[in-house]
Amino acid sequence: MSWLQQVLEQGIFAVTAEAGPPKGPDIEVIRKKCAQLKGAADAVNITDNQTAIVRMSSFASCLVARECGVEPVMQMVTRDRNRIALQSDFLGACALGIQNILCLTGDHQSLGNHPQAKNVYDIDSIQLLQMFRLMRDEKKFQNGEEMKGEIDVFLGAGENPFADPLEFRALRLAKKFAAGAQFIQTQAVFDLEIFTHWMEEVRKLGLHQKGSILAGVIPVKSAKALRYMKNEVPGVVIPDVLVRRMEKAADPKAEGVQVCVETIEELKKIEGVSGVHIMAIAWESIVPEIVRRSGLYPRPIKSEVTSP
Amino acid sequence: MIIGERKPVKEILQLIGDRKKILVLGCGTCVTVCLSGGEKEAKELASLLRIKKYQASDYTVERQCEPEFIRPLDYRLKEVEAVLSLACGVGVQALADRYPRTPVFPGLNTTFLGMPVEQGRWEERCGGCGQCIVHLFGGTCPVTRCAKSLLNGPCGGSKDGKCEVKPDRDCAWQLIYDRLKLQGRLDALLEIQPPKDWSPSRHGGHRKMIREDMLL
């Protein structure tokens with residue numbers, strides 16, 4: 001069973017982080033990020049050509065992370081691979097010991113660095129979850145054909161509580177759990193009001209008992225970075241008061257960390273939130289400090305948790 | 001023209017469900033020419049529905065895809081529970097936009113952009129990729145007519161001028177080769193065609209066209 005799954009099933013407030021593979025073949029980049037995150041997070045997401053920019057494959061990078069003693073969460077998007085390639089890579093990843101898969105649709109290629117590319121989108125993230133669950137639990141391929149062998153994998157998905165139509169977001173989460181999601185990592189929370197309201201809806205539907213919800217956070221280094229996210233990154237909602245707070249800060253980096261820590265403190269109080277997912281994009285080194293200051297350190301170590 | 005094929009009656013009945021007052025709406029343009037959704041087909045389907053105890057009426061407009069042609073339907077729509085449109089997917093959506101409270105069901109499957117090649121047989125010709133390069137291939141589009149959309153010659157599955165994916169279909173690359181040979185332009189095929197820019201196609205997202213000089 002995946003370590004992340006064990007941590008969550010023991011009811012321990014989980015911490016996951018994120019590491020993006022390099023835009024080149026240098027695996028030292030991943031080793032360095034893993035060294036910074038090791039011991040601070042229970043598992044680390046390895047992104048799959050995030051923002052549709054070509055990088056080293058998530059699959060290969062996950063294997064490097066494992067070598068470094070970090071448990072990877074392999075992200076898989078449906079933008080670039082059809083159901084044949086996705087099933088094939090899923091089997092390969094499971095065979096090589098990758099035990100967490102995050103199922104995503106993926107950013108559209110027109111927003112990335114190869115806008116001329118065809119997209120695939122043969123299936124969407126919800127269908128991807130369903131397909132992998134079918135392979136794991138019923139030993140069948142998507143076409144219904146029988147498959148041999150055991151698969152031990154913890155399936156996750158993303159969800160954005162901040163995108164429109166807001167009223168549909170909790171219902172969409174229900175679909176993800178119904179399709180096979182066991183854990184959810186949300187879009188970064190800057191607007192606690194919207195998030196709290198979404199969680200209320202989630203609890204009303206009993207969804208917090210269907211799987212584990214990890215709330216996303218992003219530490220920001222400057223008001224400029226925050227404004228960029230507010231204006232340019234689709235699906236992120238940032239209150240103006242937060243932008244002003246960052247603008248006034250004497251030490252913006254320290255303030256960004258402080259905001260992140262305060263957000264985590266608030267998220268810990270919300271019923272149904274099982275952990276946090278810290279996306280310190282190109283700032284992995286700050287994660288241990290955030291984890292410590294949020295009272296989430298030290299992380300459990302394997303011998304302390306008995307596998308159920 | 002846009003080619004459509006009528007859905008099976010069984011499927012149409014499932015779409016309608018327990019609604020009784022149905023308007024079967026034909027379209028007088030593309031789907032009339034390909035004999036799938038014109039006045040004749042609308043009348044036939046409405047009478048079939050009446051045999052099955054529906055209160056079905058029929059009507060046909062010149063083009064369901066243009067607001068000025070569907071506007072006169074306002075009073076007819078007040079009297080029905082649902083519309084069964086025999087237009088292509090564009091017409092169905094134009095109707096659904098104009099009558100947001102009325103369910104509009106597609107009676108056809110919109111299949112492709114194509115032409116009649118003989119009596120009773122239509123074939124696809126254009127995929128609407130947004131960047132026409134058909135001149136490079138002697139007037140035969142491999143993007144649409146080759147199952148793999150190959151731009152640099154036939155795959156290993158071309159046999160006797162037919163496609164391995166659908167053996168009753170011509171291999172687009174056999175046609176391209178023959179045409180360019182006839183024109184003495186085979187050297188045009190030696191150039192390596194670069195990856196196509198798919199951003200003007202549907203892959204780049206929902207498309208629109210604006211004529212600044214025509215805007216009011």
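Which residues in α6(A) meet which residues in α7(A)? Arg169(A), Ala170(A) and Leu173(A) in α6(A) meet Trp198(A), Glu201(A) and Val202(A) in α7(A). By class, this contact has four nonpolar, no polar and two charged residues. The model is predicted.

**Helix pair, chain A**

- Two packed helices are described by the angle between their axes and the distance between the axes.
- Helix α6 of chain A covers residues 169–179, and helix α7 of chain A covers residues 192–204.
- The axes of α6(A) and α7(A) come within 9 Å and cross at roughly 50 degrees.
- Helix α6(A) is therefore oblique to α7(A).
- The handedness of the α6(A)–α7(A) crossing is right-handed.

**Sheet, chain B**

- Chain B has an open sheet of three strands in the order β1-β6-β7.
- The pairing in this sheet is antiparallel.
- Its edge strands are β1 (2–6) and β7 (121–126) of chain B, and each pairs on one side only.
- Neighbouring strands of the sheet are turned by 70 degrees against each other on average, direction ignored.

**Pairing of β6 and β7, chain B**

- Strand β6 of chain B spans residues 108–118.
- Five bridges join β6(B) to β7(B), and the two strands run antiparallel.
- Pro116(B) has Trp122(B) in β7(B) as its bridge partner.

Note on methods. Residues numbered from 1 in each chain as written. Chains lettered and ligands numbered in written order. Predicted model: local features only at pLDDT ≥ 70, side-chain atom pairs only at ≥ 80, totals over all residues. Axes fitted to C-alpha atoms, helices over the stretch in contact; angles between N-to-C directions. Helix = DSSP H or I, 4+ residues; strand = E, 2+ residues; numbered from the N terminus. Parallel < 35°, antiparallel > 145°, perpendicular 65-115°, else oblique. Left-handed = near helix turned anticlockwise from the far one by under 90°. Contact = placed C-beta atoms within 7 Å. Nonpolar A, V, L, I, M, F, W, Y, C, P; charged D, E, K, R; others polar. Pairing = 2+ DSSP bridges.
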